Amino acid sequence: MEIFVVPTASATGSVAAGILAAVIRSKPDAVLGLATGGSPLPIYKALAGHSVDMSSVSGLALDEYVGLPAGHSQSYAEVVRREVTERLQLDPAKVAVPDGSAADPERAAAEYDSAIAAAGGIDVQILGIGHNGHLAFNEPGSALDSRTRVEVLTERTREANARYFSTPEEVPLRCITQGLGTIMEAGHLLLVVNGADKAGILAAALNGPVTAACPASILQRHPHVTVVADEAAASLLASGSGQVAVRVEGAAAGV
Ligand code: PGA
């Protein structure tokens with residue numbers, strides 16, 4: 001595991017985008033795992049500033065709400081279209097999001113794992129971490145080998161995501177999420193974290209026991225993980241834990 005510590009949230013985007021741009025230059029048809037939420041947004045903004053040909057890149061989203069009408073502005077299909085596909089000028093035919101408005105969401109979830117396999121697997125999976133340690137929408141208690149499936153969102157997650165909706169009640173109760181086992185099959189996991197409010201859970205995930213109580217702790221078992229965290233989020237990480245921690249400052253961090 002390599003950990004880059006950068007001064008600001010926007011710098012997490014610059015450093016993570018630099019990593020992705022290098023991957024796409026060496027593999028123009030790279031398959032990216034796309035995360036939504038606030039943490040990855042600076043990545044997509046920064047990646048748009050790189051002169052790298054994205055026309056052969058594919059994207060597969062991590063998760064989606066169940067039950068929002070198709071075209072709802074906060075559905076991840078729409079967020080991915082606005083923030084990723086259009087911004088990076090990806091081919092929309094190469095971008096997939098789990099079908100949260102399917103008549104049979106369980107089946108849509110199972111089919112999504114097949115779609116990932118059909119794409120040849122995910123080369124780099126972008127990830128955020130929830131305050132409760134969730135990875136994608138794998139809430140605490142999710143099996144560490146779980147597959148893409150329908151999940152019930154915790155109240156903590158619904159509260160955190162209420163900022164995107166007009167009323168908290170509008171936040172869906174369920175989602176389709178890539179499973180932890182699915183995520184672990186990606187070749188490279190790229191976790192971006194910012195803010196002091198994530199410091200405790202990031203330390204628990206990286207320095208604590210690997211446990212379903214903190215789903216992101218599964219990262220410790222993956223052979224290729226890059227963490228890009230701002231100083232506030234990294235402030236409680238154990239030093240001398242054997243992980244490579246690189247402090248990136250100034251122009252290298254895009255600040
Ligand atoms: P955030 O969400 O980036 O919006 O904080 C991360 C997550 O819930 O996984």
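**Pocket and helix packing in a predicted model**

User: How much space lies in the largest pocket?

Analyst: Keep in mind that this is a predicted model. For the largest pocket, the space comes to about 440 Å³.

User: Which residues that line the largest pocket are the closest to its centre?

Analyst: The lining of the largest pocket is made of 26 residues. By class, that lining has 5 charged, 9 nonpolar and 12 polar residues. Closest to the pocket's centre are Gly37, Ile129, Gly130, His134 and Lys198.

User: Switching to helix 1 and helix 2: is helix 1 parallel or oblique to helix 2?

Analyst: Helix 1 covers residues 9-26 and helix 2 covers residues 41-48, and their axes come within 7 Å. The axes cross at roughly 55 degrees. Angles from 65 to 115 degrees would count as roughly perpendicular and those under 35 as roughly parallel, so helix 1 sits relative to helix 2 as oblique.

User: Is the crossing of helix 1 and helix 2 left-handed or right-handed?

Analyst: These two helices cross at roughly 55 degrees. The handedness of their crossing is right-handed.

User: How many charged residues does the contact of helix 1 with helix 2 have?

Analyst: Helix 1 brings residues including Gly13, Ala17 and Leu20, while helix 2 brings Pro42, Ile43, Ala46 and Leu47. By class, there are 9 nonpolar and 3 polar residues in this contact. As for charged ones, the contact has none: no charged residues.

Conventions: Residues numbered from 1 in each chain as written. Predicted model: local features only at pLDDT ≥ 70, side-chain atom pairs only at ≥ 80, totals over all residues. Heavy atoms only, no water. Axes fitted to C-alpha atoms, helices over the stretch in contact; angles between N-to-C directions. Helix = DSSP H or I, 4+ residues; strand = E, 2+ residues; numbered from the N terminus. Parallel < 35°, antiparallel > 145°, perpendicular 65-115°, else oblique. Left-handed = near helix turned anticlockwise from the far one by under 90°. Contact = heavy atoms within 4.5 Å. Nonpolar A, V, L, I, M, F, W, Y, C, P; charged D, E, K, R; others polar. 1 Å grid on protein atoms, 1.4 Å probe; cavity = no way out; pocket = protein on both sides within 12 Å on 5 of 7 lines; lining within 4 Å. Points joined across faces, edges and corners; volume = space filled by probe spheres on them.
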